[in-house]
Amino acid sequence: MKILVLIDGSKWSQKAALHAIELAKRKDAEVVLFSVLDIREAKAMAFNFCAQSGICDQLKDYEGRIWKDMRESIKGDQNSILSRYQGEKIRCSSKIVEGRIRDEVLKEANSGEYGLVVMGAFGRSGKARISTLLEEIGGTVRPPLLVVR
Amino acid sequence: MGYSSSLIQRKFKDIVGRRYDSVLKEYREFLLTEEEVLVPEVRSILMPLDFFVHDITNEAIDVLSAYDATISLAYITDAGVVDLLERALNHSSTEEFQAKKEEYGRKLLKRTTAKLEEHGLSTQTRMFVGHKGDDVVQMAKNHDMVALCRRYADGESTDASISPIVLRICQRVETPALIY
Amino acid sequence: METVALIAVAVFLFTYALIVDERIHRAVAAMFGAAIVVFIGIVPWEALLEHVDFGTILLLMGMMIIVNTARGSGLFEYIAIRTAKLAKGSPLRVLVLFALVTAVVSAFLDNVTTVLLLTPMLLYIAKVMKLNPIPFLVTEIFASNVGGAATLIGDPPNIMIGSATGLSFNEFVIHLGPIMVIDMAILLLMMYLIYGRSMKVNPEEREEVVRTLNSLDERAAIVDRSLFNKSLAVIGFVILLFFVHDRIGEILHVFLPFVDPAMGLEPAEVALIGAAILLFWSRQSPEEIFEKIEWPALFFFGGLFVIVGALVETGIIANIAAVMVENVGSTGEAMFIVTWFAAIASAIVDNIPLTAAMIPLIQDLGATMDVYPLWWSLALGACLGGNGTAIGASANVVVIGIAEREGIGISFVDFLKVGMLVLFVTVAVGLGILWLKFAM
């Protein structure tokens with residue numbers, strides 16, 4: 001079996017990964033850590049920053065920096081989780097793609113390779129609201145979906 | 001010894017007041033505590049069923065079999081619908097409806113139990129009239145996981161969305177949820 | 001002695017006793033003492049305005065606003081997690097890194113807030129490493145007091161001295177900075193010698209520790225990214241301004257010709273300018289931020305100034321100064337007395353009321369001798385004296401209080417043993433350096 005773990009950098013996705021380790025150990029499964037980066041998120045953050053601060057002449061520059069930060073930070077997250085998997089001797093790989101989060105997740109999850117998708121119950125905005133992604137993919141993702149908290 | 005210790009206590013209170021409590025709360029929000037690093041043992045899984053759940057997929061069973069857990073199947077008939085029928089029609093048609101539903105439920109439970117046990121999972125069943133959302137959230141408190149069909153409590157809608165009740169349950173339970 | 005003088009001394013001693021005991025909140029004790037001397041007319045209104053050092057109070061207020069605004073962004077938690085990760089699971093590195101971070105942060109921001117926010121993380125790491133947390137906690141306490149002594153804004157005694165004397169931020173950095181760097185090195189060496197042996201983690205456990213610490217997410221600590229950046233920018237700007245506060249006019253004059261090149265800013269003005277910029281830029285709710293200003297601390301200072309003012313008004317301070325002048329031969333001798341008196345006294349009573357009383361005394365000495373070196377002696381003694389006992393400085397009380405709440409007992413006597421050793425070594429080294437500078 002192959003397990004797809006959705007990593008968005010939140011504490012909850014870390015917990016999802018921990019849960020997936022347990023499952024992978026029992027089912028002798030392979031794990032793929034999967035993250036999607038959406039350039040529009042960087043655009044929105046840059047725009048909000050400049051709208052709040054009023055420093056807009058370097059908008060493009062901010063966007064580039066935020067985009068770079070986003071890539072590095074998600075890579076860092078995946079690596080720290082990967083090191084945990086190595087300690088447990090589980091086959092695990094990571095994958096980072098760019099695009100619209102919902103579309104990319106569905107494309108990957110529904111590729112027919114996976115027997116389970118694992119994700120956190122909440123996103124980066126914390127416990128305030130249920131993960132938006134869950135609402136978006138809950139109906140159309142074909143493998144069973146494990147929502148961890 | 002006693003004096004110096006209570007002196008430090010008093011001074012601490014006077015210097016810091018309630019600030020330390022708020023600091024602790026802030027830390028708890030984002031620190032993965034030791035307890036959280038341990039994945040909680042899953043010993044019992046609640047699996048609500050209703051008229052709209054036709055089958056459990058093999059993939060879902062495959063995942064469930066990873067846990068050494070007892071699966072509690074619960075067939076729930078919506079109390080609201082029963083109430084509505086009672087008011088709109090008459091008592092005998094309501095009873096007829098309930099009897100039919102019960103028969104359907106028994107069959108579904110039997111079929112599901114058989115399928116799960118075939119894969120070596122132990123089960124227990126119950127059937128009742130209640131609220132499909134609130135009652136599941138309530139019952140989930142005594143279980144380590146809930147397994148929900150994405151069509152549960154949805155009506156026969158044809159679009160590929162997830163049932164809003166399932167989302168609501170996901171939001172409110174404290175346990176992991178498997179959606180299949 | 002006249003009756004009023006007797007009353008002033010009685011109020012002073014009574015208030016000190018209340019402050020040490022703290023059964024009544026120290027702010028209330030100070031206000032009550034002040035109320036007595038004001039009520040019976042020892043300190044009239046005009047004198048009150050003169051004795052209450054608004055430079056100190058406004059500087060504290062400005063820094064409190066900045067720190068409390070920055071806190072909301074998760075800045076301190078971010079620093080704590082980054083430090084924890086940098087240590088890579090080695091107990092010794094945890095000890096050294098946290099000590100250095102605590103010292104540097106305490107040098108620029110207030111000690112209580114620093115240790116209040118770093119201690120939970122330190123406890124967490126000690127728990128993960130399954131080590132006794134006490135060595136880490138006491139080192140953090142010492143580091144916060146040593147670090148705080150290095151700058152004008154680091155510790156309340158320095159703030160009070162700076163405000164009363166007009167000494168510049170750079171003078172503090174030049175005269176006290178190097179001493180504190182050396183003291184810090186000595187402190188770490190001492191801690192290593194005392195506790196080093198008990199801080200061992202075997203390699204497998206270490207891997208586990210690294211993994212647990214790596215799973216902490218410092219970015220999750222940042223509650224508000226934009227506020228985080230703005231806070232960093234403003235704190236950086238304020239620190240920069242402190243370095244040039246006494247010659248800001250020269251710099252501004254280059255860009256704005258109408259600015260008087262001789263113009264300088266008081267440290268309090270710098271802090272309030274920073275507070276204004278941060279509040280304006282971040283759009284944080286002023287109600288919430290102002291609510292977080294530690295008003296009890298400010299009233300504590302205000303009350304103390306009035307009580308000590310009563311001693312000045314009644315001539316007590318002048319009399320003590322006269323006795324000192326008669327018996328002290330040289331500047332070096334005066335430095336020795338002031339340093340050790342301040343150090344030992346601030347280990348027993350909180351160093352804030354002690355400094356409040358010492359400042360007018362040294363000012364009076366100024367009539368007959370060069371008191372410039374004495375200010376550094378006072379700062380050295382009052383700040384480092386805080387290390388001596390569990391109640392010597394606010395940071396000690398806060399760390400020990402937190403530890404106690406988490407079930408870790410650091411007894412008064414245990415702390416005293418290590419604290420007094422640290423006090424004597426660090427103060428002796430500091431005094432030696434000052435001596436070479438000013439008395440040779």
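A residue counts as buried if 20 or more other C-beta atoms lie within 10 Å of its own, with C-beta atoms placed from the backbone. By that rule, buried residues make up 53% of the 440 residues in chain C. The model is predicted.

**Chain C: fold**
- Chain C has 23 helices and zero strands.
- Take the contacts in chain C between residues at least 6 apart in sequence: 82% of them join residues at least 24 apart.

**Nonpolar cores**
- The largest nonpolar core holds 157 residues.
- Within this core, seven residues of chain C touch the most other members: I66(C), I125(C), I307(C), L378(C), A379(C), L380(C) and V398(C).
- L378(C), A379(C) and L380(C) are all on that list.
- Another core, of 77 residues, lies apart from the largest one. Its members include A20(A), V31(A) and V117(A) from chain A, and V136(B) from chain B.

**Contact between chains A and B**
- Chain A brings 26 residues to this contact, and chain B brings 24.
- On the side of chain A, three elements each supply at least two residues: α1 (11–27), α5 (132–137) and β7 (145–148).
- The largest share of that side comes from α1(A), with nine residues.
- By class, the side of chain A that touches chain B divides into 13 nonpolar, six polar and seven charged residues.
- Strand pairing also links the two chains: β7(A) pairs with strand β5 (residues 177–179) of chain B. The sense is antiparallel, over three bridges.
- Which residue of β5(B) stands opposite V147(A)? A177(B) does.

**Contact between chains C and A**
- Nine residues of chain C and 12 residues of chain A form this contact.
- On the side of chain C, α11 (203–214) and α12 (218–221) are the elements that give two or more residues.
- The largest share of that side, three residues, comes from α11(C).
- The side of chain C that touches chain A has four charged, three polar and two nonpolar residues.

Definitions and conventions
Residues numbered from 1 in each chain as written. Chains lettered and ligands numbered in written order. Predicted model: local features only at pLDDT ≥ 70, side-chain atom pairs only at ≥ 80, totals over all residues. Helix = DSSP H or I, 4+ residues; strand = E, 2+ residues; numbered from the N terminus. Buried ≥ 20, exposed ≤ 12 C-beta atoms within 10 Å, placed from the backbone. Contact = placed C-beta atoms within 7 Å. Nonpolar A, V, L, I, M, F, W, Y, C, P; charged D, E, K, R; others polar. Core = buried A, V, L, I, M, F, W, Y, C linked by C-beta atoms within 7 Å. Pairing = 2+ DSSP bridges.
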